[in-house]
Amino acid sequence: MDSVVSELEGTLLKDRDPFSYFMLVAFESSGFLRFAMLLILWPVIWLLGMLEMEEYGLKLMVFVATAGVSESEIESVARAVLPKFYLDDIDMEAWKVFSSYDKRVVVTKMPRIMAERFAKEHLRADEVIGSELVISRFGFATGFVKGNNIDSYISTRVAKLFIDEKPGLGLGRVTSSFLSLCKEQMHPLFMANQNQHDHQLVRPLPVIFHDGRLVKLPTPSMALLIILWMPLGIILATIRILVGLMLPMWAKPYLSRVLGGKVIVKGKPPPPASSGKSGVLFVCTHRTLMDPVVLSTVLRRKIPAVTYSISRLSEILSPIPTVRLTRIRDVDANKIKRQLAKGDLVVCPEGTTCREPFLLRFSALFAELTDQIVPVAMNYRVGFFHATTARGCKALDPIFFFMNPRPVYEVTFLNQLPVEATCSSGKSPHDVANYVQRILAATLGFECTNFTRKDKYRVLAGNDGTVSYTSFVGQIKKVVSTFKPFFH
């Protein structure tokens, strides 16, 4: 069997410096204080690298990013946050070589727990060998790794894995010690010119579900920019939310431009429902919690929104009426029918947000309840912070959205579905829902999937995505504890 052993940093990943990934672990597992502490130590880590003492710098990163963090939380970040950033940095020339072999092994100096999920699920690696965190008996990382010398530890693990025969090819930098165990060696600078096995290229498995608050990889310069922006961002978000709650809908588009936001509208929205007639059901893609609010802002009238599972604080801060569903089909159907009898309504049938260019499977319930369906393609762009979370505090979603310097929303109104495309013509609700999903995906340039809300939360958070009805006081405590470091 042909086998390949490849280094992750600097080979499969273009960047040889793992610092940014430790910054992600620090931010997502512990918050801003650990994030800032690791950034402060970056000059020391850089200097150790310049003095050819990279291992000491690596151990310092491991200690600061993981000491005192539970093993389960590190695994959660590695599962939900890191794959997106790893995949963005993949060297496709290295991947072409790596993927052409039958048995694939990834080697990394980072703790194995940080890379194993990505390497096995997205790079289709059979084995992952890396440094090993020392975990206390209580399940918390001590901040130390096993073995005095990480290179020797990894080389020993590779030798034990290939005890019967040497690996066919080693991919890595010249300084990688495990390469001496391989029959052939290939280095990053020469990969594009080497002959490859005649196998059909299979691209890495895409990332569909992604969590975490940071939009961009926190390199030292980006991390510094984020930290410097945070106090101003909190003030700006507070102003945007308070003023937005007080102003009438017709004034909000003007406010948005003054405070740095932008809404791009395409297509022609339908007029308000006339008195005595059933309202229009706006069927939207679900990118953030702000989708229905932005839609109401564009239409300049308060359109009630169906909510599946949002925090009580988000409901309180919402400038539009919300209709909380129970997930009991008959009860929810009656709620939606009653609301449509009163006027227009917004629904996001994906049931949860999706950040990547994919649409989750649409619930077919909306198609059973009305023939007046207007699909609306929603998309957004932000600079620093994502306004969605599966693992974190959902009450902070709108706050993080408004903390971005220039949040941009794109709203595209499609034509109302013709009668022959609705259930009135004999089509099944699932056919109608699938059709709406396809035309919205085509409008945005996204791909349709069969994944559901439960699939997303099982991958990212290990639960079914239901938000417990925590008290308003409990949500406020989470908000205060998150931003507390910036008020001292």
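Q: Which residues does Thr452 touch, not counting residues up to four places away in sequence?
A: This is a predicted model, in which local features need pLDDT of at least 70 and side-chain atom pairs count only at pLDDT 80 or more, while totals for chains, interfaces and linings use all residues. Residues are numbered from 1 along each chain as its sequence is written, and side-chain values use heavy atoms, leaving out hydrogens and water. With contact meaning heavy atoms within 4.5 Å, and with residues up to four places away in sequence not counted, Thr452 touches Phe209, Leu360 and Arg361.

Q: Is Thr452 buried or exposed?
A: Thr452 sits in the loop between strand E16 (447-448) and helix H19 (453-460); helices (H or I, at least four residues) and strands (E, at least two) are DSSP runs numbered from the N terminus. Buried means under 20% relative accessible area, exposed over 50% and partly exposed in between, using a 1.4 Å probe and protein chains only. Because its relative accessible area is 18%, Thr452 is buried.

Q: How many bridges join strand E1 to strand E6?
A: Let's start with E1 (residues 3-7), where five of five residues are buried. Two strands pair if DSSP finds at least two bridges between them, and E1 has five with E2 (residues 103-111), running parallel. In E6 (residues 169-171), the bridge partner of Ser6 is Leu171. E1 and E6 also run parallel, and the number of bridges joining them is three.

Q: At what angle do helices H6 and H9 pack?
A: Among the residues making this contact are Ile74 and Ala78 of H6, together with Met114 of H9. H6 passes H9 in a right-handed crossing, meaning that the near helix is turned clockwise from the far one by less than a right angle. Axes are lines fitted to C-alpha atoms, for helices over the stretch in contact, and angles run from 0 to 180 degrees between N-to-C directions. For H6 (residues 71-80) and H9 (residues 112-121), the axes are 8 Å apart and the packing angle is about 35°.
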